[in-house]
Amino acid sequence: MTSNDEIGRLAKLGPTTAYALGGNDVVHPTTPIAGADRFETALAIAKRAFPDGARSVYLANGSVFVDAIAAGTVTDGPILLARASGLGQKECELSLIHIS
């Protein structure tokens with residue numbers, strides 16, 4: 001739940017659009033951008049944020065929380081999370097679509 005203080009801080013920034021990221025257990029009552037797990041959620045965010053593609057695609061270790069947090073500062077391309085076994089088929093396909 002968002003506190004009034006948090007809402008006030010956000011209002012001062014004057015956003016025109018806000019997205020709630022996470023599943024129904026976390027985000028309510030909005031339409032979440034979510035997947036079955038963190039990897040699928042990263043894909044859903046990438047598809048929503050960059051529907052026409054981007055010149056860059058960033059990879060973060062999906063098993064190490066700090067890697068994804070550090071990558072969260074980039075804005076010119078999607079951030080995909082890699083599993084310990086490597087990128088999955090969906091991540092590879094999205095990467096090929098986005099790289100120009």
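Reader: What share of the 100 residues is buried?
Author: Buried residues make up 22% of the 100 residues in the protein. Buried means under 20% relative accessible area, exposed over 50%, partly exposed in between (1.4 Å probe, protein chains only).

Reader: Where does the model come from, and what counts?
Author: This is a predicted model: local features need pLDDT of at least 70, side-chain atom pairs count only at pLDDT 80 or more, and totals for chains, interfaces and linings use all residues. Residues are numbered from 1 along each chain as its sequence is written, and side-chain values use heavy atoms, with hydrogens and water left out.

Reader: What is the mean pLDDT?
Author: The mean is 75, and 71% of the residues reach 70 or more. pLDDT is the predictor's confidence in each residue, from 0 to 100.

Reader: How many helices and strands?
Author: There are 4 helices and 2 strands. From the N terminus on, they run α-α-β-α-β-α. Helices (H or I, at least four residues) and strands (E, at least two) are DSSP runs, numbered from the N terminus.

Reader: How many salt bridges?
Author: The count comes to 1. Arg 83 and Asp 37 meet there through their side chains, at 3.4 Å, N to O. The pair ties together parts that are 46 residues apart in sequence, because Arg 83 lies in the loop between β2 (79-82) and α4 (89-98) and Asp 37 in the loop between α1 (4-13) and α2 (38-49). The rule is a side-chain nitrogen of Lys or Arg within 4 Å of a carboxyl oxygen of Asp or Glu.

Reader: What about their accessibility?
Author: Arg 83 is partly exposed, at 30% relative accessibility. Asp 37 is also partly exposed, at 31%.

Reader: Which ring does the charged end of Arg 83 sit over?
Author: The ring of Phe 39, with the charged end 4.1 Å from its centre. A charge sits over a ring if NZ of Lys or CZ of Arg is within 6 Å of the ring centre and within 35 degrees of the ring normal.

Reader: Back to α2. Thr 41: buried or exposed?
Author: Thr 41 is buried, with a relative accessible area of 16%. This residue lies in helix α2. Leaving aside neighbours within four places in sequence, Thr 41 is in contact with Ile 33, Ala 34 and Gly 35. Contact means heavy atoms within 4.5 Å.

Reader: And Leu 43?
Author: Leu 43 lies in helix α2 too. At 3% relative accessibility, Leu 43 counts as buried. Leu 43 and Ile 33 are 10 residues apart in sequence and 9.6 Å apart in space, C-alpha to C-alpha.

Reader: Switching to strands. Where is Tyr 58 found?
Author: In strand β1, residues 58-61. Tyr 58 is partly exposed, with a relative accessible area of 26%.

Reader: Which residues does Tyr 58 touch?
Author: Not counting residues up to four places away in sequence, Tyr 58 touches Val 74, Asp 76, Gly 77, Pro 78, Ile 79 and Leu 80. Tyr 58 and Gly 77 are 19 residues apart in sequence, yet 6.8 Å apart in space, C-alpha to C-alpha.
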